[in-house]
Amino acid sequence: MSRARLQQLGVDLPLFPTTSVGSFPKPDYLVKARSDFNKGKITALQLEELERKATAFWIAKQEELGIDVLVDGEMYRGDMVAYFAERLPGFTTSGVVRSYGNRYYHKPIVTGEVRWTKPITVDWYKYAQSLTNKPVKGMLTGPYTVMDWSFNEYYPDRKATCMALAGVIRKEVEALVAAGCKIIQIDEPALSVRPEELRIAIEAMRIVTDGLNAYFITHACYGAFEYIYPGMLEMPVQNFDLEMSNSDLHMIELFRSKPFTKDISFGVVDVHSHVIEDVATVRKRVERALSILPKEQVWVDPDCGLKTRTVEEAIEKLRACVAAARAFRN
Amino acid sequence: MALILSSAGSYPRIGDSPELQVLRRTIAAVDRGERTPADLSDAEAEMTRRAIEEQVRSSIELLTDGLIRWYDPISHLAGKLSNIQIKGLLRFFDTNTYFRQPVLSGCPARTGPLVVDEFLLATNALGSMPTPDGKAGRLGIKPVLTGPYTLAKFSITEDGSMRSLEARVTAYAEALAAEIRALADVGALFIQIDEPAIIKFPQDWDVFSLALNALAIVRQDTGRNGKPVKIELCVYFHDCAPLYEKLADLPVDVLGLDFTYNARLVDVVSLAGAPMPLALGLVDGRNTKLEDVSTVARQVEKLLPRIAGGVTYLSTSCGLEYLPRDHAFAKLQLLARIQAAVEGQRARVAERPA
């Protein structure tokens, strides 16, 4: 489907390319360092040194496992929205709110005009890419999700907030493209929360990606996709990265009713379970994908970011993904 | 017409200072095997006490326990019923929060209390606090239950007999009916039933209203047995204007409405009138921005003459767990300022010479 675009970009991938959604668990020394930094016990430079060490670990680990399209693992990020909000004028950091269970995050507040003043992720992209010859994805959070997961005290409504953020995020995408990044993932996990606003999310993504020379992926998860499918296929990206395993592959039936027309990064391992899926289980999930999708469209990856797993669990889940993908290639 | 401040349900279980992190830290320690379930209960009790104390301090009269012990609004109740396994995570409406989905392997049934113990603990906590001046006999805890339709809508089934939505709603309604009886038995006077899903899926109205009718019958039974209890139905997280007239026709004692999804809902309600007391969710429980007191007070004044029953409740649009703690507390205090503004205006009108 979008192989031509990848080839035009000079990216040659095998069938069933393997990748991951973005985040990996932080090693214990980095968890401690982040805590120490927050208490003023170490400097930003000392923390960054450890973040680079952890990034190098995950790049090497992905290469060792045989992953095809790498991520930097987001060792320098906490929350996927707050990370950007903390670096964009116009946002204020709030106190913590609960996400689920015992997980909390600082939900940002839009208190002024949001502006892009300098690249946010480009140095990390360059560093990660310098460690490998395999392609590393640029990793951003999309405007609709940043809007939905922030409080708004400035813009008149949700659409105005979203469009303003789209202009800001486009500048970051342009900076990544200028730095040589060829595969850029723009996460929109909030995509399905208000089906009546799908057009806003699509329009915002168009502002972000229009006319830029890269292969774009968007990731969405844990939503009610039955209310936005097939309309969501109008998102101006080449690849949808979807959580499939957590919901027992229920979305397959949606795709049967109306063909899935983009590449898909098909989530084959559950990131919220300590259980490591065996290769046979993962292969069965890929087989289900192939029952309705051409093999050229299918990428293989976990459901979502692996940061809530232990390092060992994350590695074993990735290993299962790679083993299953290789079995199908053969 | 009395204007009473009411809590809408949840309250933050965490704050920024170390003493407000006790529950989070204890859960993590229990997960690591370093603390016991008894320690967890203590931490939950402490954060519940703080949630109640902040409501009392904000002049709220109809309080909740803040739902501090709830993992989420679905699995906390469904997980205590038989024939249910709690499984994967799903996003809860358009909140960036998640619930664990119940999977039914048979007909769910109540085998023990769902929130009775929590209600009793909260009532004891409230009783152990000093009562503010002028509030004696006016403060009470309102237990909260997620309604049968919303529970059923967010459940899936592996059992053929539960395949239909109606079967699931009926089963949950029976379980909740038993819980309402149990709550009435231990002294609950007011029970909040949350049904956010119905305004998002109005096509299921018939199934939903059947279940509500079943709960209303239980309420009549408890009343006949000398245990009167009022039922407040709360809908939120979507525009309730299209369903307003049907909602106002339901056999409940109070109807709680989220006014934040449609700026015209005040006009809709004002025009149609309300045959029962309303809980006015005019203050946004999902955004940090503080509403203008006089603007909301004018909305209340517009609505009050159109509401029957001699009492109106003023609350936030939904539970406050979606806000950071300092903002949640500020919203509660805002309710008190709006109440004062409305009462001040009414006093001025009453003093005017005829």
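This is a predicted model: local features need pLDDT of at least 70, side-chain atom pairs count only at pLDDT 80 or more; totals for chains, interfaces and linings use all residues.
Tutor: Local features here need pLDDT of at least 70, side-chain atom pairs count only at pLDDT 80 or more, and totals for chains, interfaces and linings use all residues. Residues are numbered from 1 along each chain as its sequence is written, with chains lettered from A and ligands numbered from 1 in the order in which they are written.

Student: Why are α7(A) and α8(A) called roughly parallel?

Tutor: Helix α7 (residues 158–178) and helix α8 (residues 198–209) of chain A pack at about 25 degrees, axes 7 Å apart. Angles under 35 degrees count as roughly parallel, so α7(A) and α8(A) get that label.

Student: Which residues of α8(A) make that contact?

Tutor: I200(A), A204(A), I207(A), V208(A) and T209(A). Contact means C-beta atoms, placed from the backbone, within 7 Å. On the α7(A) side, M163(A) and V173(A) are among them.

Student: What makes strand β8 of chain A largely enclosed?

Tutor: A residue is buried if 20 or more other C-beta atoms lie within 10 Å of its own. Six of the six residues of β8(A), 215–220, are buried, so the strand is largely enclosed by the rest of the structure. Y215(A), I217(A) and H219(A) cover one side, while F216(A), T218(A) and A220(A) are buried on the other.

Student: How do you know that β7(A) pairs with β8(A)?

Tutor: Pairing takes at least two bridges found by DSSP. Three bridges join β7(A), residues 183–187, to β8(A), and the two run parallel.

Conventions. Axes are lines fitted to C-alpha atoms, for helices over the stretch in contact, and angles run from 0 to 180 degrees between N-to-C directions. Helices (H or I, at least four residues) and strands (E, at least two) are DSSP runs, numbered from the N terminus. Angles under 35 degrees count as roughly parallel, over 145 as roughly antiparallel, 65 to 115 as roughly perpendicular and the rest as oblique. Two residues are in contact if their C-beta atoms, placed from the backbone, lie within 7 Å. A residue is buried if 20 or more other C-beta atoms lie within 10 Å of its own, exposed if 12 or fewer, and partly exposed in between; C-beta atoms are placed from the backbone.
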